[in-house]
Amino acid sequence: MEELFDKYKNRLENRELPEDGFDKEFLWDAIAGEIQEKTPLVKKKGNSSIYLLGGIALVLIGSLFMFETYKLADKGTYKLADKNKYKETYKLTNKEDSKKASKALGAKSRSARSVDNKSKSSHKIEKELVDIIENKTIQFNKKRSSQSVIQKYKPVPFQNHEIKREENRINTSTNGESSDLRNSNVIPLHTNGEKENLIEGINVLNNSIENDEFLIGKNIASLDIGLLTNKFEEKMKLLDISKYILSKETKLELAYLSSINLPYFQYKSNENKELAERKNTTESGYVSFNKALSAKAIIDNKWTLGLGLELNTINSRFSYTSERTVPEYKENYLVGVVIDANKDTVNLIYADTLIDIKKTRIVRHYNSIKTYSIPLAFGFQKTKSRWTYGLNLGPVLHINRSQSGRALDENSEINYLEDHTSTIIKLTWGLRASVYLGYDLNHKFKLQCKPNFGWHNAKFEGGAYSLDIYQSNVALGLVYKL
Amino acid sequence: MNISESTISGCIRNCPKAQRELYEALLPYLRAVAQRYLKDPSFNMDVLQESFVKIFNNIKNHDSSKAPLKNWAAKIVINCSLNYNKRVAISNVEEFNGSIHGSSFELDEIDDLPDEFLVDSLKEMPGKLYNVFNLNIIDGYTHKEIAQILNINESNSRKLLSRAKEWLRAAYQKNESDYTKIRISKF
């Protein structure tokens, strides 16, 4: 009898049903719509979260680096925020001199609040300071030449110095014996803010000095001293002008940005406008996440030239209405009406029957186009304190990597998008404009927020129509200053 | 049925092309499984849709060392069909009382009978017997697995299987060949 069960098993175990009119396309549409609704672009979400985590990690590392640098800065005698000032100043190496100068300035600071007291007390202070200066100068001249001092302290070149530090500067470009003062740690002192001689050979150039509160930092030694003479300028210029331009005037930045992208699709076709319209109504942009690496040269602190490499994903949603006729069993369904004219009666006939019911549903597919993009950006930027803002404009070269999903084909039939990974890589191009705002975390790292708006001419599907993709995105990331 | 590794990995990556390939490969078999287990054939589409969605969403969890993909997919369809069967209000709940219902035929005739007839004849078994018979004899599940699927005891599963076999033996032994011929003529 076991043979009976074996026969059943053999016949039914691996049985497959033939197609016999089964509507497998309809079933597939329903399945595909449901799985893509439930799990849209699972892989991309995973990737984007990795990139987002990467971005957060970079920001954290940058912040850590920033705090470490501040820690070091606290131990020293300068502020990182005033890095330029630090570069432009000379320190008093002799602590005694610093104390004396500090004392003098302290005294002056108290006295300077009165407008009339510039005669006695300030002259006294000036005298003290001049003594310090002269002593220091003598010691300094004994030890080294002015050239070696310059090399050691690497003062900021003249042009920048003159532009940025005019307020606190003392001109030492004077005649006679005071010219050596440029090498000493002179503390400029003047209370009335007017351009007049403090001592012979030292002039305050700018009227903006109103009192002595231009002192920065804890250490009086970080006061600015001019050291700018014409001779010195000439020497410096002769040293290496080209090197100076390259190293100081042109800065390089590397940036990693992760962005959230929302595209808008616009199909165009001269041959088949109806198809283009149908595609415009069935396809719409959908959120995606991109990531970009870029390098930017900043010339003369104003003009920018950037080049980048981006992994772009452009997502869209394809929706269409699906209809099918389903037989449905109805009990006591009205199947007929019999009107008897002779008897003047109407008989309704009810029966259990199968009726065809038309069911409609909206099916959605999530498509994606992947490109490598190489943007070239020209721009202008401005810096104010720690903030940097600017704008960019330039062409973008797109290398189409692949596309996936479903959409209407050239015959207005729902079909799979052709995957370009196995075919010729296609180049398309676009334009992009962006504005950005950056915040310096420290002198190496900067946080950047960069909203972009771009246009991309993408010809993907055989050239029967073209696709204009207008993308707007907001990028956030970290910039490393080389 | 050929399912390549690349198809499976494509489905794990949620690639529509690979999903379509898997769908094409599995559909004929899974349709037959659903047909065997479903009491109401009008739910066939719904069961298949729900099952395929589950297959695609969970294919990354499938362990090929434990069971081939085909069997894993069949189990999903079976579970889904049994759930749908619960939703169907069966008015004529049959309790096995030792008598024979429906068709019977000779052993030699089985080879000539169409598959649909075999399925239909088995469906005349009381529901619980039929499920256990299907799961154990046709699909090769152990009593432990059957107990989990049907939420019954293992001993209960064994009992139901022996009764199902008894039912079928009785149907076979009754030898109502005329009735069998009538049924055959329908196909």
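A crossing counts as left-handed if the near helix is turned anticlockwise from the far one by less than a right angle, and as right-handed if clockwise. This is a predicted model, in which local features need pLDDT of at least 70, side-chain atom pairs count only at pLDDT 80 or more, and totals for chains, interfaces and linings use all residues. Residues are numbered from 1 along each chain as its sequence is written, chains are lettered from A in the order in which they are written, and side-chain values use heavy atoms, with hydrogens and water left out.

**View 1. Helix 6 of chain B crosses helix 7 of chain B in a right-handed sense.** Helices here are DSSP runs (H or I, at least four residues), numbered from the N terminus. Residues 127–138 form helix 6 of chain B and residues 143–150 form helix 7 of chain B; their axes lie 10 Å apart at an angle of about 140°. Axes are lines fitted to C-alpha atoms over the stretch in contact, and angles run from 0 to 180 degrees between N-to-C directions. The pair is therefore oblique (under 35 degrees is roughly parallel, over 145 roughly antiparallel, 65 to 115 roughly perpendicular, and the rest oblique). Look for B:Asn131, B:Val132, B:Leu135 and B:Asn136 on helix 6 of chain B, which meet B:His143, B:Ile146, B:Ile149 and B:Leu150 on helix 7 of chain B (contact means heavy atoms within 4.5 Å).

**View 2. Helix 1 of chain B passes helix 2 of chain B with a left-handed crossing.** Here the axes of helix 1 (residues 5–12) and helix 2 (residues 16–37) of chain B come within 7 Å, crossing at roughly 125°. That angle makes helix 1 of chain B oblique to helix 2 of chain B. B:Thr7, B:Gly10 and B:Cys11 of helix 1 of chain B touch B:Ala18, B:Gln19, B:Glu21 and B:Leu22 of helix 2 of chain B.

**View 3. Chain A meets chain B through 38 residues of chain A and 42 residues of chain B.** Together the two chains bury about 4200 Å², with 61% of it on carbon and sulfur atoms (buried area is the accessible area, 1.4 Å probe, that two parts lose on being put together, summed over both). On the chain A side, A:Tyr8, A:Arg11 and A:Arg15 lose the most area to chain B, together 19% of what that side buries.

**View 4. Chain A has a mean pLDDT of 68, with 52% of its residues at 70 or more.** pLDDT is the predictor's confidence in each residue, from 0 to 100. Over residues 73–94 of chain A the pLDDT is below 50, and this stretch has 50 contacts in the model beyond near neighbours in sequence.

Technical notes. Helix = DSSP H or I, 4+ residues; strand = E, 2+ residues; numbered from the N terminus.
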